[in-house]
Amino acid sequence: MCGIAGALDLKGQRPVPEGVIQRMSRALHHRGPDEEGFFIRPGVALASRRLSIVGLADGQQPMTNEDQSAHVVFNGELFDHQEQRVKLAARGHQLRTHCDTEIIPHLWEDHAEGMWERLRGQFAIAVYDMKRWQLNLGRDRFGISPLYWTRQGDWLLFASEIKGILASGMVTARPDMRGIDHIFTFAAMPGPVTCFEGIQMLPPGHYLQVTPGRDMEIQVRPYWEMDFPNAGDENPETDATKLVDEFERLMLQAVEKRLRADVPVGAYLSGGLDSSMIVAMATKLKGPAINTYTIRVDDPALDELSAANVSAKHIGTKPPIVQEFRAEDALASYPELIHAAEAPVIDTSCAALMMLARKVHSCGQKVVLTGEGADEWLAGYPWYKVAKIFGFMDAVPGVRLSDMARRAFLRMNKVPQYPAEFRQRTEDEVGGPNAWIDSYGVLGLSKLRFYSEKMQTAVGNARPWSELGMNLERAKQWSPINRSLWVGARVTLAGHLLQAKGDRVAMNSSVEVRYPFLDEEVFDFTSRLAPRWKLKGFRDKHLLRLLAERWLPPEIYNRRKVIFRAPLDSFHLDPEPQFVSELLSEESLRRTGYFDAKEVWYWRKAFREMRAGSVPRLSVEMGLAAVVATQLWHHTFIDGALAELPTEVVRPDARLMAA
């Protein structure tokens, strides 16, 4: 993994202003503390911060091809680079290093834009083509490696993190209320919109191409789109043994590729099905000495250490290295978390994973495997089961009993709700009924509680669901469960699990996370499965559980889905933390203008009287956490006068914060 950044003159070949690319690179030091490299020519500058994992001695960036027509900076890993090197050499290319980066300029030379669809791995890449005087940026299929860009007058800037763009000195940090509205819609930042005005996220599976000059045009195009068979046309195989055999082969292959490195590779181990499968396969391939890491949450209902120990003992690997996490740890680390994520983060467990990555770094490791992706490809979340029940209720044509039940539940619990047509409009924007609408709706109701009039006006016509870019004509042909899988992958996976809970908190401590379940061939296989192999009755991840019977004990492969989380009430301890009081003061809420101070004050008191564990209370708790996180984000990046924080965070240059 690395951090990359760059600047391009859109009108010609003026020199990049002095110090710009160097400041951008320094802002990404945590992503690549091992080496720094630059490519600077009239009109263009590229920078790389390297975390050396493959080709330790000769992997310096930027890299180029034989005739120096293509120059590359690269963040990520190409897991099939060894096989690609053989093919390139057979076509006459001369490769001089052992690093995966080197194959990129040669592939560009052979295929140009056709290169993107040939890449396998996790990546954000910038290629500058000297023959065309053209810049190309590309990002992996599922959104593992981040990449942001902005146009500022006659300049295009890009970086692995928004901090890199802000450090250029050419961009003023201003809030984009549409991005904040996405947080309150999805509890995630799926992009392309961000919380910063004028700064966009390059969507997964897309590339950006720009040729400077009089007829300059910035084009963002897909090179890959997530797709599923038409309903009824899925893999007709009925033999469970054959499917499990093929799944096992693909997963072992995916794990083996992600163990390739010139440094030791560890793994996260929660004791759940997904991470346990990854550790079991890694141990078989690499041996029992692999380091595993887990979190002990200071709440018996949320702690997973005992399950992790059961898995480790059965697999035969060492007991996991433990990171303790308490409610006060969430408070102390949240300012750093928001600084790392560059967006409001509602999921307090992200702070725990940030601390876990710090533990990995302190143990001298740079790379860990983890189990994200299994829930996304194989319907592992509980709301898929809820959606199935609602589907039974709506079996009678023309009668939406599920909607009647939802609205009655909200009325009984005195929860505000949207007009009846809102749900139908949302379903239309994603091709039909979708399990995630109810899940996201738990937080989405907070807009009705907390938004100020200014915020309501600013986002009144926003359509966050329609901005996801779903191919509606294709989606209408998929089974309902696959439509839900698409939304989960596009929003929660790409916008949260791989970012605020993945890359950003890990790379904050210079740790790379690899995802075997996100292997391209694994996705292709699972995407073609008939729905019954994903959710059989009410048994989620059915095929994975069948596979796990070969590898894990019953208490693990039969374990129900446990979503790793930390207490949401960390911000509401008694006595209340001073910085939270300051962020939620009437003055601070008025300065930001996002939220209604009276409503915030009311619900901070009222939620304590609600039944613990109930959906209405969870909705309020999530909403309050989102309000605190948004205020903290604003304080960190926009206006540092809202509160005195409990820990010092390195903030962007104050000059960049000027209005």
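Let's start with the part to be careful about. Over residues 649–659 pLDDT stays under 50; pLDDT is the predictor's confidence in each residue, from 0 to 100. The model has 25 contacts for that stretch beyond four places in sequence, a contact being heavy atoms within 4.5 Å. Where pLDDT is low, the predicted coordinates should not be read in detail. The chain as a whole averages a pLDDT of 91, and 95% of the residues score at least 70.

Some housekeeping. This is a predicted model, where local features need pLDDT of at least 70 and side-chain atom pairs count only at pLDDT 80 or more, while totals for chains, interfaces and linings use all residues. Residues are numbered from 1 along each chain as its sequence is written, and side-chain values use heavy atoms, with hydrogens and water left out.

Okay, on to the sheet. Helices (H or I, at least four residues) and strands (E, at least two) are DSSP runs, numbered from the N terminus. Two strands pair if DSSP finds at least two bridges between them. What we have here is an open sheet of six strands, antiparallel in its pairing, in the order E2-E3-E1-E9-E8-E10. At the edges sit E2 (35–41) and E10 (199–201), each pairing on one side only. Direction ignored, neighbouring strands are turned by 15° against each other on average; the axes behind such angles are lines fitted to C-alpha atoms, for helices over the stretch in contact, and angles run from 0 to 180 degrees between N-to-C directions.

Let's zoom in on E8. Strand E8 (residues 148–152) pairs with E9 (residues 155–159) over five bridges, antiparallel. Tyrosine 148 has alanine 159 in E9 as its bridge partner, and threonine 150 has leucine 157. The two strands make a hairpin with two residues between them, and glycine 153 in the turn has a positive phi of about 65°. E8 also joins E10, through three antiparallel bridges, and there tyrosine 148 stands opposite methionine 201.

Now, helix H5: why do we call it largely enclosed by the rest of the structure? Because nine of its 10 residues, in the run 177–186, are buried, meaning under 20% relative accessible area, with exposed over 50% and partly exposed in between (1.4 Å probe, protein chains only). Among the buried ones are Met177, Asp181 and His182. The cover includes helices H15 (435–444), H16 (446–450), H17 (453–458), H19 (480–497) and H27 (615–637).

Take H15 as one of those. Its axis is 6 Å from that of H5, and the two pack at an angle of about 120°. That makes H5 and H15 oblique to each other, since under 35 degrees counts as roughly parallel, over 145 as roughly antiparallel, 65 to 115 as roughly perpendicular and the rest as oblique. At this contact, Ile183, Phe184, Thr185 and Phe186 of H5 meet Tyr440, Leu443 and Gly444 of H15.
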